[in-house]
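Please open the model in your viewer and keep the selection panel at hand. The tour below moves from one selection to the next and says what is there at each stop.

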Amino acid sequence: MAHGHATGVRGGVDHRGGLRATARAYALVPLRIFLGVTFVYAGLDKLTDSAFFHASGAGSIGELMHGVRDSAAIPALVDLALKSPSGFGYAIAFGELAVGLATLLGLFGRLAALGGALISLSLWLTVSWTTTPYYYGNDLAYLMAWLPLVLAGTPLLSADALLARRRRLRTP
């Protein structure tokens, strides 16, 4: 059986290919950092905004949902949020925070990225659906940015990599 050092592979990175191979191996790390920081910030921003969780009023999630209800691609999603605007606001805020932290840590990377993609998809289909031209809306861009992490996971500089390594070391 070949060991990592004999084959030139350490920590999931092929060190024989030089700079290009290393750049390719780490290509998703900047995207992961950007999305993780952005979602942590978005969650904390909502959690620290005294007006956001109210059912009505300036800056509230309720006002936002009422404002996009008739123009959303899927009005039923907005109707669901309007049943409990405060609860929906907390779900989004804590969801963003959890997705962001898990992405930064690289813990359950694919699942975290799927959560980020679903949050972005739901916001695109509701809040930013009518943005014209479509490329001005950021929720669609975030959705597309999450997809490489859904596919690739977080194999480097991550808790997932540490856990995988521990499993490999335990397996005879």
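With which residue does R69 form a salt bridge, and how far apart are the closest N and O atoms? Before selecting anything, bear in mind that this is a predicted model. Now select R69 together with D79: R69 forms a salt bridge with D79, and the closest N and O atoms are 2.7 Å apart. Because R69 sits in the loop between α4 (61–68) and α5 (75–83) while D79 belongs to helix α5, the pair ties together parts that are 10 residues apart in sequence.

Next, select E96 and K46, whose side chains meet in a salt bridge with an N to O distance of 3.0 Å. Since E96 lies in helix α6 and K46 in helix α3, this pair ties together parts that are 50 residues apart in sequence. Here E96 is buried, with a relative accessible area of 4%, and K46 is buried as well, with 17%. The count of salt bridges comes to 3.

The axes of α3 and of helix α6 (residues 85–105) come within 7 Å and cross at roughly 150°, which makes α3 roughly antiparallel to α6. The crossing is left-handed, and the residues that make the contact include G36, V40, G43 and K46 of α3 and A93, E96, V99 and G100 of α6.

Keep α6 displayed and bring in helix α7 (residues 109–126), whose axis comes within 8 Å of that of α6, the two crossing at roughly 145°. This crossing, too, is left-handed. On the α6 side G95, E96, V99, A102 and T103 take part, and they meet A112, G115, G116, I119 and L123 in α7.

Finish at R32, in helix α3 (residues 29–47). R32 is buried yet has no salt bridge, and the nearest side chain of opposite charge, that of D160, is 7.6 Å away. Leaving aside neighbours within four places in sequence, the residues in contact with R32 include T103, L104 and L105, as well as L149, T154 and S158.

Methods
Residues numbered from 1 in each chain as written. Predicted model: local features only at pLDDT ≥ 70, side-chain atom pairs only at ≥ 80, totals over all residues. Heavy atoms only, no water. Helix = DSSP H or I, 4+ residues; strand = E, 2+ residues; numbered from the N terminus. Buried < 20%, exposed > 50% of the residue type's maximum accessible area, 1.4 Å probe, protein only. Lys, Arg positive; Asp, Glu negative; His and termini not counted. Salt bridge = Lys/Arg side-chain N within 4 Å of Asp/Glu carboxyl O. Contact = heavy atoms within 4.5 Å. Axes fitted to C-alpha atoms, helices over the stretch in contact; angles between N-to-C directions. Parallel < 35°, antiparallel > 145°, perpendicular 65-115°, else oblique. Left-handed = near helix turned anticlockwise from the far one by under 90°.
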